[in-house]
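Please read it alongside the sequence and the coordinates shown here.

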Amino acid sequence: MQPANNVMVLYTGGTIGMQASANGLAPASGFEARMREQLANQQVPTWRFREMAPLIDSANMTPAYWQRLHSAVIDAVDAGCDAVLILHGTDTLAYSAAAMSFQLLGLPAPVVFTGSMLPAGVPDSDAWENVSGALAALDQGLAPGVHLYFHGALMAPTRCAKIRSFGRHPFAALQRSSSASKADTTPAALDYREPKALANIGVLPLVPGMSAVQLDAMIDSGIQALVLECYGSGTGPSDNPAFLDSLKRAQEQGVVVVAITQCHEGGVELDVYEAGSRLRGVGVLSGGGMTREAAFGKLNALIGAGLATAEVRRLVELDLCGELIAYT
């Protein structure tokens with residue numbers, strides 16, 4: 001946890017640097033000059049700047065863009081930077097930060113994500129306090145790995161989510177259960193220097209009366225894994241034979257199905273209720289206390305690394321970087 005001396009700032013777009021256009025706020029270039037002017041008299045680490053291409057509203061973030069971020073972080077560290085600050089729109093910031101936590105396993109430098117709810121320069125904007133606060137945190141020293149910084153708080157990306165669309169505190173750490181075991185070793189294919197292919201991951205929240213036809217449509221769409229957002233501690237329509245048959249067919253086809261909870265607190269324990277144990281019986285895996293963002297990012301990394309299905313299934317239920325165990 002050495003203080004950062006040479007920070008790479010990766011600017012992806014997002015609200016923080018947006019400017020007015022004919023169709024509303026849109027990503028804009030030129031943020032480096034504004035940032036240098038704003039921070040000219042502040043005590044922050046030496047930093048350099050890279051504008052990603054294209055600049056995007058984070059609503060348009062994709063796993064393919066994560067690959068570009070992954071490469072940009074590695075390039076920065078290889079060029080001598082000892083930390084990276086990523087400026088990102090808030091709508092999908094938690095998804096990107098969680099995904100990069102898995103994409104950058106083993107990286108010997110800290111990476112911090114931040115952004116703002118209002119563009120820099122507008123009245124009451126939170127932009128500069130978040131930028132300077134994130135740089136100050138790096139100046140004090142952060143552990144290697146990915147962090148999320150917002151309004152004075154450092155959060156573990158694999159355990160938080162955007163819970164508000166307004167105000168200075170859009171992100172919060174979710175009170176998720178932590179009863180899993182930590183992986184003894186991390187496969188070499190998951191090392192940050194190993195390239196990751198794009199994966200096809202689906203997410204499906206359960207609602208009362210959901211039919212097997214809807215589940216079949218998702219399974220047959222070509223997905224390689226499915227995050228199944230269940231009720232409570234991991235229950236679903238266990239009295240629907242067709243629904244259970246569809247989940248069993250998914251396992252037989254090599255589709256990895258992971259159950260997480262729709263609740264803000266707690267986690268999945270598939271053996272508590274019969275309605276959960278029947279899901280386990282047809283091959284559904286427990287996502288424990290994983291958030292949607294963490295489960296989605298983890299499956300993208302595991303499958304993108306080219307691991308065998310059996311290995312993916314094994315690692316889903318083991319902690320890799322705090323997604324299942326709360327580190328203190």
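In this predicted model, K298, L299, L302 and I303 of helix α8 are in contact with V312, L315 and V316 of helix α9. Sorted by class, the residues in this contact of α8 with α9 comprise 6 nonpolar and 1 charged, with no polar residue among them.

**Geometry of the helix pair**

- Two packed helices are described by the angle between their axes and by the distance between those axes.
- For α8, which spans residues 292–304, and α9, which spans residues 309–316, the axes come within 10 Å and cross at roughly 150°.
- Because angles over 145 degrees count as roughly antiparallel, α8 is roughly antiparallel to α9.
- The crossing in which α8 passes α9 is right-handed.

**The sheet**

- An open sheet is formed by 4 strands, whose order is β12-β13-β14-β15 and whose pairing is parallel.
- The edges are taken by β12 (201–205) and β15 (285–286), each of which has a single partner strand, so that one side of each is left without a neighbour in the sheet.
- Strand β13, covering residues 225–230, runs parallel to strand β14, covering residues 256–261, and the two are joined by 6 bridges.
- T261 in β14 is the bridge partner of C230.

**Helix against sheet**

- Helix α9 packs on the sheet, where α9 touches β14 and β15, and the direction of α9 makes about 15° with that of β14.

Definitions and conventions
Residues numbered from 1 in each chain as written. Predicted model: local features only at pLDDT ≥ 70, side-chain atom pairs only at ≥ 80, totals over all residues. Heavy atoms only, no water. Axes fitted to C-alpha atoms, helices over the stretch in contact; angles between N-to-C directions. Parallel < 35°, antiparallel > 145°, perpendicular 65-115°, else oblique. Left-handed = near helix turned anticlockwise from the far one by under 90°. Contact = heavy atoms within 4.5 Å. Nonpolar A, V, L, I, M, F, W, Y, C, P; charged D, E, K, R; others polar. Pairing = 2+ DSSP bridges.
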